[in-house]
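My entries follow in the order in which I looked things up.

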Amino acid sequence: MQIQKEYGVRRVYQTTPGENGAKALRLSDQIVELGSREFDLYSQVAAWLPTQEPEEVFCQRVGVPPTRLGAVVDKLAEGGLLYRRSEIPDTITGPELHKHFQKILPSWLAEAFSHPFWERMTEGRGSKRLFTGWLIELYHYTKNANRHMPLSCAHTRDKPLKLLRAKHYAEEWNHYHYFTKALKALGYADDGVATSVPLPMSLALSNFMRQAAREDILAYSICSAVLEGTTTDRQTYNPYYEKCAEHYGLPREAIRPIYAHLDLDVQYQHSDLFQEILEKVGTISATRAGRILEYGHQLAEHIWLWTDDIEKYYSNELNPVPRRPFDPQLD
Amino acid sequence: MEMGFPLLRRTASVQRKDGQLIIEHLSSEVTLEGNAAALLDRLLPLLDGKTSLGTLAEKLDERPERLAQLAKQLGAAGVLAFRTEDDGSRMTGAQFYELHKERCRHWLRPIYDHPLWTKIVEGKASRAQVIGFAFEKYHYIEGAYEHMAIGAANASPEMMPHLARHFIEEYNHGDIYRKGLQSLFPDEIILSAQPLPSTRALVNFLSESAGRNSFAYYAGNELLQLTENTGDDDSGQSVNAFYDGMKKHYPWTERLINSFIAHTHADQKLGHDDVFQQMCASIPPLTRQEVRDALEVTRSMAEHLRLFMDGIEVFYERFPGIPRTAITLRSE
């Protein structure tokens with residue numbers, strides 16, 4: 001039981017098969033290559049660590065002599081795949097947390113956008129309907145900023161932080177108009193879009209942000225930073241829109257407002273806001289820091305599942321676009 | 001039945017086959033043949049909810065009585081609706097209860113037909129999906145601390161006793177599932193484990209509804225209640241078959257299943273089966289807006305429940321790490 005209490009498992013963001021059963025495991029800061037037998041042993045140890053199974057039962061089950069288990073685990077920790085809980089610092093400063101976040105963010109974003117939907121769309125296996133559906137949900141998500149951004153101000157006691165959050169809200173609250181314009185160019189009237197019903201996962205995104213806003217301003221701010229992290233570089237989003245325009249015959253008027261919105265986000269430098277906030281924060285306990293990071297990672301997971309929900313709903317030709325509110329007479 | 005301005009329900013679909021008109025709506029199907037089919041075929045393009053039956057009869061050069069008879073039959077089958085100019089009409093709680101029950105039956109279909117059930121029963125689900133199912137059930141039931149508490153704290157005066165009782169009777173049901181999970185994982189791991197985004201979505205939707213509209217929240221919650229095993233013959237047998245399949249293919253889940261069964265028994269003892277019906281019988285008539293809101297929340301609840309199932313199926317397939325241990329400053 002001691003080993004199980006002493007060690008934790010590091011997150012593996014991607015596992016790539018190599019020759020003869022070898023695997024390359026991508027962590028946020030390195031790639032660890034394991035042979036077939038090493039990988040099997042690592043998988044067994046990683047699955048066992050958070051369980052109730054006693055050490056001796058585990059050793060017998062996987063065929064590792066009990067005297068060697070400590071060495072195996074040490075080796076995996078040296079390789080970066082496990083970590084010692086004793087190495088977790090008691091506290092961390094705001095700027096240190098931001099540095100840590102910056103190192104992890106690319107891995108989180110890669111995970112968030114690893115859904116097959118994106119390749120499907122850019123390779124021409126999607127449809128105008130799917131693009132439109134995605135845009136409608138993006139409209140809801142952007143409009144729903146009004147459900148969570150002001151809430152983050154309301155639940156903050158710290159003046160400098162609530163000032164920054166309020167400023168951010170003032171700059172963003174009406175950005176859904178860009179999507180109204182884009183959707184209009186695709187033939188969807190303002191009223192039909194405004195009265196439409198978001199998909200459960202679109203609503204879930206804003207509900208999750210509301211949850212964060214009530215719990216901890218830094219948890220909220222990391223979620224906001226993950227979202228802003230998706231719009232920092234034109235090179236990351238232009239190809240998607242350009243390819244979609246080409247494959248699905250989208251008018252330029254449907255794309256132009258989206259570029260204008262993204263450019264505005266870059267101009268406001270909203271991706272730097274989290275750093276600005278954390279520079280105003282002193283010491284944070286390890287438990288709180290873990291919880292903040294949890295929110296950031298879960299937001300990335302929300303994006304993945306949001307994409308899944310969009311693809312499922314709008315792929316079905318029988319589903320109405322946009323989604324209409326329930327009407328006891330009409331439905 | 002008051003027949004104002006008829007219209008085909010937009011959730012109905014019409015198919016033409018060998019001279020027949022087949023109309024599907026929710027879980028029912030109506031087939032018309034011969035003259036009736038021909039008449040409806042002519043009528044369909046004119047059913048806009050703005051034209052009275054008399055005007056429709058004139059437009060089609062048809063006898064009004066014949067048209068009224070057909071409209072009445074289709075109205076009774078639920079295929080046609082009749083708009084009225086009076087928007088102030090109200091629905092009694094008892095009428096709402098019947099409407100709600102009928103819609104729930106339809107909206108729950110995608111949940112009962114979800115592929116995850118078959119995958120588990122046939123042993124095709126992965127270890128992560130099976131344990132994930134138990135964990136997500138735990139997180140969802142543990143969510144009572146959030147949504148039931150918010151519901152009670154924000155209850156309208158007439159709903160307060162129901163929502164207070166509901167919270168007090170159910171807040172500790174998560175512990176029943178926790179006990180099952182303890183057969184596999186240490187308690188501190190279970191308590192700090194993180195739910196899937198889809199489970200969070202369900203709990204958060206319940207919480208948001210609970211804070212906004214007591215009756216709509218309870219109407220949505222009733223849909224979830226309908227999925228619980230009431231112990232009657234049909235549902236009891238299918239649930240037992242599910243547990244048998246799970247035990248057969250995943251023998252290490254026995255104590256998890258025991259916790260599921262213990263929770264079912266705890267729910268059955270509470271006798272919550274007819275609470276919603278009693279509640280509907282005791283409330284003043286509902287405005288059209290109140291009906292719309294409560295049914296919108298119920299429909300959305302069904303969609304969130306489908307999402308809950310999807311999450312377990314697709315997320316644990318793509319990201320099989322289980323349990324979803326809490327992040328630390330070294331784990332990422």
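I call a residue buried if 20 or more other C-beta atoms lie within 10 Å of its own, exposed if 12 or fewer, and partly exposed in between, with C-beta atoms placed from the backbone. Helices (H or I, at least four residues) and strands (E, at least two) are DSSP runs, numbered from the N terminus.

The model is predicted: local features need pLDDT of at least 70, side-chain atom pairs count only at pLDDT 80 or more, and totals for chains, interfaces and linings use all residues. Residues are numbered from 1 along each chain as its sequence is written, while chains are lettered from A and ligands numbered from 1 in the order in which they are written.

**Chain B overall.** I counted 17 helices and 7 strands in chain B. Its C-alpha atoms fill a box of roughly 75 × 50 × 40 Å along the principal axes. Of the 332 residues in chain B, 41% are buried. I take two residues as in contact if their C-beta atoms, placed from the backbone, lie within 7 Å. Among contacts in chain B between residues at least 6 apart in sequence, 77% join residues at least 24 apart.

**Helix α13(B).** I found α13 at residues 214-226 of chain B, with 13 residues. It reaches 18 Å from first C-alpha to last, close to the expected 18 Å; the expected span is 1.5 Å times one less than the number of residues. α13(B) is mostly covered, with 11 of its 13 residues buried. Among them are B:F215, B:Y217, B:Y218, B:N221 and B:E222. The cover includes α4 (93-107), α8 (144-153), α9 (160-170), α12, α16 (275-282) and α17 of chain B.

**Helix α3(B).** Residues 64-76 of chain B form α3, which has 13 residues and reaches 18 Å. Here I noted B:L67, B:L70, B:A71 and B:L74 as buried. Seen down the axis, these buried residues fall within an arc of 100 degrees, so they line one face of α3(B); the arc is that of the directions from the helix axis to the C-beta atoms. B:E65 and B:A76, on the other side, are exposed. The buried residues of α3(B) pack against β1 (5-8), β4 (28-32), α1 (34-43), α2 (53-60) and β5 (80-83) of chain B. Just after the helix, B:G78 has a positive phi of about 85 degrees.

**Strands β1(B) and β5(B).** I count two strands as paired if DSSP finds at least two bridges between them. β1(B) and β5(B) pair in the antiparallel sense over 4 bridges, and B:P6 has B:F82 of β5(B) as its bridge partner. B:P6 and B:L8 are on the covered face of β1(B), B:F5 and B:L7 on the uncovered one.

**Sheet in chain A.** I read an open sheet of 3 strands in the order β2-β3-β4, with antiparallel pairing. β2 (14-17) and β4 (31-34) of chain A are at the edges with a single partner strand each, so one side of each has no neighbour in the sheet. β3(A), residues 23-26, pairs with β4(A) over 4 bridges, where A:L25 is partnered by A:V32.

**Contact between the chains.** Which residues of chain B touch chain A? I found 38 residues of chain B in contact with 39 of chain A. β5, α12 (197-212) and α17 (288-318) of chain B each give two or more residues to that side. The largest share, 12 residues, comes from α17(B).
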